[in-house]
Amino acid sequence: MSETGRHNTVSENLPSEHGAHAGGAVVKPDPFANPGLPPHEHRRQDIDDKAARHSERVVAGLFTLSMLGTTGFIACFVVFPVDKIVYVWPFGHVSALNFSLGLTLAVALFSIGAGAVHWARTLMSDEEVADERHRVDADDELRENVRQQWITGAKESGFGRRKLIRTTMFGALTLFPLTAVVILRDLGPLPEDKLQHTLWAKGKVLINSNTDQPLRPEDVVVGSLTFAQPQGLEESADDFQQQIAKAALMIVRLKPEDIKDRRERDWGHEGIVAFSKICTHVGCPISLYEQQTHHVLCPCHQSTFDLSDGARVLFGPAGHPLPQLRISVNGEGNLIALGDFEAPVGPAFWER
Ligand code: FES
């Protein structure tokens, strides 16, 4: 039984003070009755051709503005250098590149949206339609009905007739995806050969990262893990983060007889060996050392390297061993590098 039907039955049983009597039965107005559609009010554009043409020009103008925004976005990307700073009221000093890219992208996107909304509000059909509830599965008749509605909708939107809107809209939508090309291209320059060179060079003293003092062989005991950085790397330097990220070292001391890889032994000093601290998977800093097995574990994705066997990968997604730094001792008894790493530090995928 429908809600309305049930309601009427209940109403019939109510005492007379709750409703009017009709032939002895209580009759109550149905609170859920369909109020029907309000009378349709025509917009100016529906009855005035001039107003319709004006709206058409506004929509086309907005789509054209979007095209200009997209073109401006690409032009700004090409024209403004990354480090150019300009004063823009009320934001103060801002990056010219970021500001112009943000502004032109906003114009391009907003204009497409505003054009579509204006088109729908002023030119597309605004006839109110009441749709009855129906079964979820559509029969053939309903499908045909929907198809006809689509056709009518397309006709009423003027998509086929209003060539100017259609052309400018296609232009705006075709041009806009170009912004993605610029954004993707701007994700950052490829590192090229920058990962192949670090601050390590022949004679550079190893500085203990905790004490800031030159590292001496007697400071490194068997079973310990020490971190080091090249001498002369100042925290105040502009590129400190970049340089330390590439040059960070892990120093361990093994019993010489425990070192399986002959080259590793030769590149160390009395069992002290130095490896890059940067994981060769995607570059996390490694810091978990298991002194019994001489394994180091990267905390990010559990790549495990064997420091007694050339830092070979034992487990995990890392593609190649940690690069080793050749070390020795200078006349003052400090540990020094004998050159740069023998392989690029960090993730391997840049080489592929
Ligand atoms: S970054 Fe080290 S395992 Fe992924």
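**Ground rules.** I am working with a predicted model, where local features need pLDDT of at least 70, side-chain atom pairs count only at pLDDT 80 or more, and totals for chains, interfaces and linings use all residues. Residues are numbered from 1 along each chain as its sequence is written, and side-chain values use heavy atoms, with hydrogens and water left out.

**Positive patch.** I looked for charge on the surface. Arg44, Lys50, Arg53 and Arg57 gather there in a positive patch. Patch residues have over 30% relative accessible area and no salt bridge, and like charges are joined within 9 Å. A salt bridge would be a Lys or Arg side-chain nitrogen within 4 Å of an Asp or Glu carboxyl oxygen. Helix α3 (residues 49-79) gives the most to the patch, three residues. Helices here are DSSP runs of H or I, at least four residues, and strands are runs of E, at least two. I checked Lys50, which lies in helix α3. Lys50 is exposed, at 61% relative accessible area. The scale is buried under 20%, exposed over 50%, partly exposed in between, with a 1.4 Å probe and protein chains only.

**Disulfide.** I searched the whole structure and found one disulfide, meaning two cysteine sulfur atoms within 2.5 Å. The disulfide joins Cys284 to Cys300, S to S 1.9 Å. Cys284 sits in the loop between β8 (272-276) and β9 (288-290), and Cys300 in the loop between β10 (295-297) and β11 (304-306), so the pair ties together parts 16 residues apart in sequence. The link of Cys284 and Cys300 is left-handed, with -90° about the S-S bond. Cys284 is buried at 15%; Cys300 is partly exposed at 34%.

**Other cysteines.** I noted that Cys76 is buried at 13%. Cys298 is buried at 2%.

Notes
Patch = residues over 30% accessible without salt bridge, like charges linked within 9 Å, V, L, I, M, F, W, Y side chains within 5 Å. Areas by Shrake-Rupley, 256 points an atom, 1.4 Å probe, with all protein chains shown as cover. Lys, Arg positive; Asp, Glu negative; His and termini not counted. Charge placed at Lys NZ, Arg CZ, Asp CG, Glu CD.
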